[in-house]
Amino acid sequence: MQLNTTFFTFLALSCTLSNLSAQNDNKNSTLFNQDDLKQVTTNYAFTEGCSSDKDGNIYFTDQPNDKVWKYGIDGKVSLFLEKTGRANGTFFDKKGNLILCADDKGELRSVNRKGKVTVIAESFAGKQLNGPNDIWIDPSGNMFFTDPYYQRDYWTRRKPDLSHQSVYIVPKGSKSIVLAADSLNQPNGIVGSPDGKYLYIADAGAGKIFRYAIGKEGKLSAKLLFINRGSDGMTLDDRGNIYLTGNGITIYNNKGQKIGQIKVPEGTSNVCFGGKKKDFLFITAKTSLYAIPMKVKGVE
């Protein structure tokens with residue numbers, strides 16, 4: 001009897017793919033259920049910069065329309081701020097102020113609960129910043145932010161004042177800017193560990209994620225290639241897993257190994273944890289804000 005080797009090769013390949021799919025589903029099931037993903041609000045020009053306040057409310061930007069919106073834990077959507085300076089990334093400080101990366105004039109802004117705006121930083125070495133993009137504040141209150149150059153159609157300037165695209169730190173209680181890292185092509189997303197020991201930076205120009213050790217006064221050292229791919233926004237959970245944007249949300253463990261993938265109907269730009277227990281993952285994706293319940297919690 002002659003065996004059909006082509007059939008058996010196909011059967012073996014199908015089984016292998018099925019097993020890999022099952023393995024991926026098992027990994028995902030320890031973190032989330034894909035079917036639980038929901039679009040919670042939509043009809044924006046381009047959503048970005050989501051962050052959570054201490055109560056779990058989500059704030060996100062619609063940069064083309066120059067607005068910051070609030071998605072409350074009560075499920076209601078409301079306008080928080082207009083004329084944001086074309087805010088992109090956001091982060092809450094310990095006083096409850098919303099810090100905005102406002103790239104219209106290259107500024108870092110602070111907005112209190114009443115909507116009063118204060119400019120924290122706008123220049124380095126006497127030159128206008130490129131366009132602050134994303135921010136993370138360490139447990140001591142030091143602000144780290146990325147400053148890439150992305151030419152905007154709403155700018156009157158056509159070239160940068162600075163010759164480099166870097167990461168800066170605004171030390172706690174200071175308005176002065178200190179250069180933190182200048183060996184990157186185009187730094188974008190940024191997030192740090194809750195103990196303040198490590199800083200993760202997405203280099204969009206290089207398509208890589210680097211990890212730095214954070215020393216005294218926010219000094220960065222021990223640059224390490226952590227994940228060989230880029231990202232826009234990023235966040236961490238209480239297991240040390242890191243969440244990257246782009247094609248859905250890709251999840252890596254604290255060793256830089258891929259462990260999960262959340263499928264999202266639209267291209268993703270940013271991500272954060274929120275909700276009353278900080279166990280919902282919120283995702284900004286083009287025209288919408290999505291949410292999915294998680295089996296882990298956020299730490300930012």
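Tutor: Start with burial: buried means under 20% relative accessible area, exposed over 50% and partly exposed in between, with a 1.4 Å probe and protein chains only. At 6% relative accessibility, Phe282 therefore counts as buried. This is a predicted model, in which local features need pLDDT of at least 70, side-chain atom pairs count only at pLDDT 80 or more, and totals for chains, interfaces and linings use all residues. Residues are numbered from 1 along each chain as its sequence is written, and side-chain values use heavy atoms, with hydrogens and water left out.

Student: Which aromatic pair does Phe282 form, and how is the pair classed?

Tutor: Rings of Phe, Tyr and Trp (its six-membered ring) pair if their centres lie within 6.5 Å; planes under 30 degrees apart count as stacked, over 60 as edge-to-face and the rest as tilted. Phe282 pairs with Tyr71 at 5.9 Å centre to centre, and with 55° between the planes the pair is tilted. Tyr71 sits in strand β4 (residues 67-71) and Phe282 in strand β25 (residues 280-285), 211 residues apart, so the pair links distant parts of the chain. Strands (E, at least two residues) are DSSP runs, numbered from the N terminus. Tyr71 is also buried, at 14% relative accessible area.

Student: How many aromatic pairs are found in the whole structure?

Tutor: The search finds 12. One of them joins Tyr59 and Phe92, whose ring centres are 5.1 Å apart; their planes are at 70°, so this pair is edge-to-face. Tyr59 lies in strand β3 (residues 58-62) and Phe92 in strand β6, 33 residues apart. Tyr59 is buried with a relative accessible area of 8%, and Phe92 is buried with 15%. Elsewhere, ring pairs link Tyr44, Phe60 and Trp69 into a cluster.

Student: What does the side chain of Thr47 lie close to, and is Thr47 buried or exposed?

Tutor: Thr47, in strand β2, has 0% relative accessibility and therefore counts as buried. A polar atom of its side chain lies 2.9 Å from the backbone oxygen of Ser288. Contact means heavy atoms within 4.5 Å; beyond four places in sequence, Thr47 touches Phe60, Thr61, Ser269, Thr284, Ala285, Lys286, Thr287 and Ser288.

Student: With which side chains does the side chain of Ser288 make polar contacts?

Tutor: A polar contact is a pair of N or O atoms within 3.5 Å; within protein, one must be able to donate a hydrogen and the other to accept it, and residues adjacent in sequence count only if both atoms are side-chain atoms. The side chain of Ser288 makes such contacts with the side chains of Gln39 (2.9 Å) and Thr287 (3.1 Å). Ser288 belongs to strand β26 (residues 288-293) and is buried, with a relative accessible area of 0%.

Student: What is the volume of the largest pocket, and which residues lie nearest its centre?

Tutor: On a 1 Å grid over the protein atoms alone, a pocket is an open set of points where a 1.4 Å probe fits, with protein on both sides within 12 Å along at least five of seven lines; lining residues have an atom within 4 Å of a point. A volume is the space filled by probe spheres set on the points, which are joined across faces, edges and corners. The largest pocket has a volume of about 700 Å³. Its lining has 40 residues, with Ser52, Phe91, Phe92, Asp93 and Glu300 nearest the centre.

Methods
Helices (H or I, at least four residues) and strands (E, at least two) are DSSP runs, numbered from the N terminus.
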